[in-house]
Amino acid sequence: MVKEIERAGLPVVHICTVVPISLTVGANRIVPAIAIPHPLGNPQLGPEEEKALRRKLVEKALKALTTEVSDQTVFED
Amino acid sequence: MGKIRIVHYLNQFFAGIGGEEKADFKPEVREGVVGPGMALQAGFKDEAEIVATVICGDSYFNENIEEAKAKVLELVKQYNPDLFIAGPAFNAGRYGVACGAITEAVQNELNIPALTAMYEENPGVDLYRKSIYIIPTKDSAVGMRDAVSKIVPFALKLAKGEKIGSPEEEGYIKRGIRVNYFADKRGSQRAVEMLIKKINGEKYETEYPMPDFDRVTPNPAIKDITKAKIALVTSGGIVPKGNPDHIESSSASKYGKYDIEGLMDLTADTFQTAHGGYDPVYANEDADRVLPVDVLRDLEKEGKIGKLHRYYYSTVGNGTSVANAKKFASEIAKELVADGVDAVILTST
């Protein structure tokens, strides 16, 4: 799916937990997530903390969208 | 040679431990056969014996690949097997990745012959086909009998150290290895024969298939994200409560488009997941954990992004065929472009 969206001319960032799969499906901008059943959350945290964690991931995704890349790039910290 | 000793690897589901709620199950070993191991054992008759079965939850493996691999290797090693078999994983993505990773590790680190089996579209195939033997199977456990009938003869051959022939002869998935051999006819003659077949519209087989690198060049970055209209797309199956479009929990045949105008937060009363391939508890409690609408609204309010697109798109990426996923995404992308969206955040579980 990422690839088809990219092909249509839209920059796309893939937030996902299993980065190797994202790499094989051809995502170019990848942000590693927390866990498979809750990629953008952590039920063990309180609501405030959890939202802050999510915000950090989304901000990282936005940063990925504003970063020029020439090849598949995983945006770690 | 006495009986061939085999260690078998299964995920939590096939081992009968549980479904997605048990996907975080840590590696464990059981003596003898478990679940599909029985069908394999029946196929091996007296030639081989499954001495132990290692079990690991799919989410645990994929979220902790290095630790899980090390632990599984340790468990396999204890039994000093002659052969290691993982799966079959059919079209279960995380299971396929786990089977591929652990088969590769057993083969390379323990020097034990190893193989796995899965459906050709399983992401584990693309990741590991080059380094290990993967027997192609059907896309679901309905194909168990067929898978066993293919695995057994190949496994015995491999364990006995017999020469393994080409993928066409043996039936494993091509690894992209070229082997020199003496042909009866010289190259120019073979080339002309192929050309004549091609001109006549007949079938011919190339001797040098081109690798299929279907890569898309990254699009330029967004210059000013504070002016950008951003859309959310997910394969995590987030849908309005009740799943109005009846998106299937696996092998999805459709996607949904949902209006989130004015919505600040996804809640347990309004949204849920339709995905059947992960434990739905956390997403049902708070769908923002998969589709971060709440945070994007905050960022929109603060002027950190231009706008969150009025619609989000969702499907279930669980055993969904590549062809369907491609079709969904190209339709979605066309609409997004027409709606003036500048960039997309795609989330996957």
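Modeller: Let us begin with a definition: two residues are in contact when heavy atoms of theirs lie within 4.5 Å. Please bear in mind that this is a predicted model.

Biologist: Where are the domains of chain B?

Modeller: The domain assignment places domain 1 of chain B at 4-170 and domain 2 at 225-347. Their C-alpha centres are 34 Å apart.

Biologist: How many residues of domain 1 of chain B are in contact with domain 2 of chain B?

Modeller: On the side of domain 1 of chain B there are 5 such residues, and they touch 7 residues of domain 2 of chain B.

Biologist: How is the size of an interface often given?

Modeller: The usual idea is to state the accessible area that is lost when the parts come together. In this model, domain 1 and domain 2 of chain B bury about 470 Å² between them, and 44% of that area is on carbon and sulfur atoms. Three residues, B:Glu20, B:Asn91 and B:Glu121, supply 79% of the area that domain 1 of chain B buries against domain 2 of chain B, more than any other three residues.

Biologist: Which kinds of interaction are counted between domain 1 and domain 2 of chain B?

Modeller: The count of salt bridges between these two domains of chain B is 0. By class, the side of domain 1 of chain B that touches domain 2 of chain B has 4 charged residues, 1 polar residue and no nonpolar ones.

Biologist: How many salt bridges does the structure hold over all chains?

Modeller: The total over all chains is 26.

Biologist: How are A:Arg7 and A:Glu4 placed in helix 1 of chain A?

Modeller: Helix 1 of chain A covers residues 2-7, and because A:Arg7 and A:Glu4 are 3 residues apart in it, about one helical turn separates them. A:Glu4 is buried at a relative accessible area of 9%, whereas A:Arg7 is partly exposed at 40%.

Biologist: What is the arrangement in helix 3 of chain A, for A:Arg55 and A:Glu59?

Modeller: A:Arg55 and A:Glu59 are 4 residues apart in that helix, so about one helical turn lies between them. Their salt bridge has its closest N and O atoms 2.9 Å apart. A:Arg55 is buried, with a relative accessible area of 18%, and A:Glu59 is partly exposed at 32%. Salt bridges with shared partners link A:Arg55, A:Glu59, B:Glu302 and B:Lys304 into one network.

Biologist: Which elements hold B:Asp286 and A:Arg54?

Modeller: These two side chains meet in a salt bridge, at 3.7 Å from N to O. The pair crosses between chains: B:Asp286 lies in the loop between helix 9 (281-285) and helix 10 (293-301) of chain B, and A:Arg54 lies in helix 3 (residues 47-65) of chain A. Are these residues buried or exposed? Both B:Asp286 and A:Arg54 are buried.

Biologist: Finally, is B:Gln78 buried or exposed?

Modeller: B:Gln78 is exposed, because its relative accessible area is 53% and the class begins over 50%. This residue belongs to helix 3 (residues 65-78) of chain B. Its C-alpha atom is separated by 51 Å from that of B:Asp265, 187 residues apart along the chain.

Methods
Residues numbered from 1 in each chain as written. Chains lettered and ligands numbered in written order. Predicted model: local features only at pLDDT ≥ 70, side-chain atom pairs only at ≥ 80, totals over all residues. Heavy atoms only, no water. Salt bridge = Lys/Arg side-chain N within 4 Å of Asp/Glu carboxyl O. Helix = DSSP H or I, 4+ residues; strand = E, 2+ residues; numbered from the N terminus. Buried < 20%, exposed > 50% of the residue type's maximum accessible area, 1.4 Å probe, protein only. Domains from an automatic or database assignment. Buried area = accessible area lost by both parts, 1.4 Å probe. Nonpolar A, V, L, I, M, F, W, Y, C, P; charged D, E, K, R; others polar.
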